[in-house]
Amino acid sequence: MSAVEVHLLPANKDNYVGVVREPGSGLVLVVDPGEKGVAPEFLAARGWRPSLILNTHHHWDHVNGNDELRSGFQAQLIASAIDGAKIANVDRVLSDGERLAFGAETIRAIAVPGHTLGHTAFHFENSGLVFTGDTLFGMGCGRLFEGTPEQMWGSLRRLMGLPDETRVYCGHEYTLANARFAARIEPDNEAITERTEEAERLRGGNQPTLPSTIGQEKRTNPFLRAGRTDMRRRLNLPESAPDSSVFARLREMKDDWG
Ligand SMILES: [Zn+2]
């Protein structure tokens with residue numbers, strides 16, 4: 001079977017709304033419609049009718065366009081139970097590990113608490129791609145609004161467990177700002193330097209820096225590198241420091257940095 005087709009639509013200040021089409025069935029879904037009008041305009045230009053809306057978490061900049069897609073297209077709204085309780089008109093709750101058929105594609109929910117307690121990533125298993133919302137960003141990760149560093153580190157570990165070639169679609173275009181922090185932490189990491197140059201080129205042409213891949217994030221995202229011995233040395237932490245406390249230190253530094 002052929003892979004799903006993904007379109008990232010810029011929304012709000014720096015969000016992405018994802019539109020996914022499964023070519024065999026012609027089915028269409030929308031991930032995190034965070035601004036009214038953005039997805040409907042794109043869909044209308046193609047005559048596409050979404051049957052599903054997936055919400056990674058409850059923040060307004062990810063759910064603001066839900067209702068117009070539900071009422072305009074009778075699309076079914078899907079979210080986790082925890083965050084779904086804070087989202088209006090959820091039609092179906094998807095728990096960790098539950099799967100959803102989407103034409104020839106299978107979508108698996110991965111619970112990734114931390115940014116919010118019910119944050120969910122959506123893994124398109126056949127096509128090998130994942131929507132990570134505000135959990136994993138290009139060279140960064142989301143702030144801990146509701147969860148603990150231990151929860152967020154566990155969530156990032158789950159995403160790191162996906163195959164390296166898995167394409168990563170994030171909820172925001174933050175790669176360049178994150179790149180500057182990554183370079184401060186690891187000034188000698190050539191993969192970060194190369195990726196920064198590529199991101200500058202893409203943003204210069206007003207193109208998304210996404211998708212990245214899980215493998216690329218492992219090489220360039222400091223938050224995914226909290227398990228490494230050299231990261232402890234860089235942060236002046238003892239070798240015995242647990243991975244989650246190395247992660248917590250990185251997250252604090254990023255919060256202070258901006
Ligand atoms: Zn958020």
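This is a predicted model: local features need pLDDT of at least 70, side-chain atom pairs count only at pLDDT 80 or more; totals for chains, interfaces and linings use all residues.
Local features need pLDDT of at least 70 and side-chain atom pairs count only at pLDDT 80 or more, while totals for chains, interfaces and linings use all residues. Residues are numbered from 1 along each chain as its sequence is written.

View 1. E1 (residues 5-11) and E2 (residues 15-22) run antiparallel, paired over seven bridges. Strands here are DSSP runs of E, at least two residues, and helices are runs of H or I, at least four, numbered from the N terminus; strands pair if DSSP finds at least two bridges between them. Look for Val6, whose bridge partner in E2 is Val20. Three residues sit between the strands, and Asn12 in the turn has a positive phi of about 50°.

**View 2. The buried side of helix H6.** In H6 (residues 175-185), Thr175, Asn178, Ala179, Phe181 and Ala182 are buried (20 or more other C-beta atoms within 10 Å of the residue's own, C-beta atoms being placed from the backbone). They share one side of H6 because they cover an arc of only 170° around the axis, taken from the directions from the helix axis to the C-beta atoms. Their cover includes strands E11 (136-137) and E12 (140-141), plus helices H7 (190-204), H8 (214-220) and H10 (243-257).

**View 3. Helix H5 against H10.** H5 (residues 149-160) packs on H10 at about 105°, with the axes 9 Å apart; axes are lines fitted to C-alpha atoms over the stretch in contact, and angles run from 0 to 180 degrees between N-to-C directions. That makes the pair roughly perpendicular (65 to 115 degrees). Pro149, Glu150, Met152 and Trp153 of H5 meet Asp243, Ser244, Phe247, Ala248 and Arg251 of H10, contact being C-beta atoms within 7 Å.

Key
A residue is buried if 20 or more other C-beta atoms lie within 10 Å of its own, exposed if 12 or fewer, and partly exposed in between; C-beta atoms are placed from the backbone. Two residues are in contact if their C-beta atoms, placed from the backbone, lie within 7 Å. Angles under 35 degrees count as roughly parallel, over 145 as roughly antiparallel, 65 to 115 as roughly perpendicular and the rest as oblique.
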